Amino acid sequence: MKFCQLPFRQLERHLKPHSKPFSPQLARRLSTTPSSPRFLSQSLTYIGSRRSPRSARTYSTTVHASDLLFGQPVHETHPHLLLPGELTPGITAQEYHDRRAALCQSLPPDSAVLLPSATLKYRSGAVFYPFRQESNFLYLTGFSESDSLAVLRRTGDEFGDYTFHLYCRPKDPKAEQWNGPWSGIDAARDVWNADEAGDIGRVEGLLADALKGVQKIFTDADLTKYGVSTKFGNLMRSAAPKATTAPLKPHVNVLRAVKSHAEIANMRRAGRASGRAITEAMRRPWAYEKDLAAFLEYQYQMTGLDGQAYIPVVAGGPKALLIHYVLNNGTLNESEFVLVDAGGEYGTYITDITRTWPVSGKFTQPQKDLYNAVLRAQRSSVSLCRASANVTLDKLHHITENALRDQLQQLGFDMGSDAMGILFPHHVGHYVGLDVHDVPGYPRNVVLKEGHCVTIEPGIYVPDDERWPEAFRGLGIRIEDSVCVGDDSPLILTTEAVKEVDDIEALRD
């Protein structure tokens, strides 16, 4: 698939005879094979198939896309969520194409990529969880439906030399009446820009043609389980019996780790709204962890986010020493801290924030002293999130550890032996993006460069033990921001969540 690198051309409201059809954003060839009616965007106008290149008339009723139902929002049905040209919030069809092109160009000749979609997960019996697409599948296609398979086939050496196959469920009005709409095969072609689209129920026959001549297949799908070939493993080996396989993740991670301007904008939007929600929560007195958690989730939805990015930590008092305490069912005592690790997402891009504040709104002196010790270390490490600093996440962890050690010694802590391993037991940061812990397997010893997005989250968790100064026993403090690495300065994505002692206390004045 090769596209001219030109600005997007938007479709006219109605296609004229002989006009060249378009997907929502990208020019496509007109099929001359009789088929079922197809819709095109923008405005996804229904037209009949044409029996020859010279056929000049359409022969089905025009239907506007706003009158149709798809398995996910498109601009024509959800203009309040998507701008013209976007397949998912903030991300255009051109960007999805560029991602596929960059991936295929990085792979060897005669190779292909196999990406099965996520499956619907069930909570209990017939009760299911909200569907969440597999992250690499979403990153490369923008298609957010289950029961799908994407295939990318490298076809040449130039950027854009690839073929995109997308196999999904065909439209089925009876099934959709019970289960809600899905997009169908024609939409896979005309909206999501697949060169070839087909029925996932017939994939056994279609995949062999797609993989003909392929020597190496990159996939992260489970091909065996407990030493036995899986259904997908059998499908792949039947379609390409001579092809070797290799993990896909390392190749996609290199692309996903460095965020585009559009991705950063999505994360900034999530960070801004989430930060404001947390600051608003600090203004109010809370008696129960669950009430605070519910308030944050409500604020995310009401400010235009998709919802919460992960199950939050709302830990009152000594429960803050439990790094991933998520029961959130306890009471909050005015003499104690509450630690909140929470964030929303926008366009499936997440933000990750932690703030710790006194339930009463006012710090005691020991609380203030320990809090400021963590804050000084956090501010220092955030300032190094720039390409010019030439640091890695591992290096930042070492710097943060040293800063915390110095601060704690000044407060009277005995920092000998294994003290730091007890008081600061986790890494200072991780990558963020489509996933909370983004690009799993991407190493922390990579020098940070412009576009990397990370968290900086030092914490101190003081056990109720005679080894530690009495005034600080049982205190758990973590301060976390999501940060985008710039060339010579960091972009703090979550700056609206206040963290200075004076600012926190002023919220209750």
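**A tour of the predicted fold**

With a relative accessibility of 42%, Y129 counts as partly exposed, a class that falls between buried (under 20% relative accessible area) and exposed (over 50%), with a 1.4 Å probe and protein chains only. The model is predicted, so local features need pLDDT of at least 70 and side-chain atom pairs count only at pLDDT 80 or more, while totals for chains, interfaces and linings use all residues. Residues are numbered from 1 along each chain as its sequence is written, and side-chain values use heavy atoms, with hydrogens and water left out.

Y129 sits in the loop between strand 7 and helix 2 (135-141); helices (H or I, at least four residues) and strands (E, at least two) are DSSP runs, numbered from the N terminus. Leaving aside neighbours within four places in sequence, Y129 is in contact (heavy atoms within 4.5 Å) with L120, K121, Y122 and R123. F128 itself belongs to strand 7 (residues 127-128).

Turning to the whole chain, the secondary structure comes to 13 helices and 25 strands, and 53% of the 509 residues are buried. In soluble globular proteins, nonpolar side chains tend to be buried together. Here, the largest nonpolar core has 65 residues, of which L292, L296, L370, Y371, L396, F413 and I460 touch the most other members. A core of this kind is a set of buried Ala, Val, Leu, Ile, Met, Phe, Trp, Tyr and Cys residues joined through side-chain atoms within 4.5 Å. Another core, of 48 residues, lies apart from it and includes L138, Y139, F218 and A262.

In one, three strands with antiparallel pairing take the order 21-24-25; two strands pair if DSSP finds at least two bridges between them. Strand 21 (453-456) and strand 25 (491-492) are the edge strands. Four bridges join strand 21 to strand 24 (residues 481-484), with V454 opposite V483.

The whole structure holds 24 salt bridges, each a side-chain nitrogen of Lys or Arg within 4 Å of a carboxyl oxygen of Asp or Glu. R256 bridges to D438, with the closest N and O atoms 2.6 Å apart. This pair links helix 7 (residues 249-257) to the loop between helix 12 (419-423) and strand 21, 182 residues apart. R256 is buried at 3% relative accessible area, and D438 is buried at 5%. R268 and E496 likewise meet in a salt bridge (2.7 Å, N to O), and both residues are buried. A further bridge, with closest N and O atoms 3.4 Å apart, joins R284 to E280; R284 is partly exposed at 36%, as is E280 at 25%. Finally, salt bridges that share partners join R132, R256, K259, D435 and D438 into one network.
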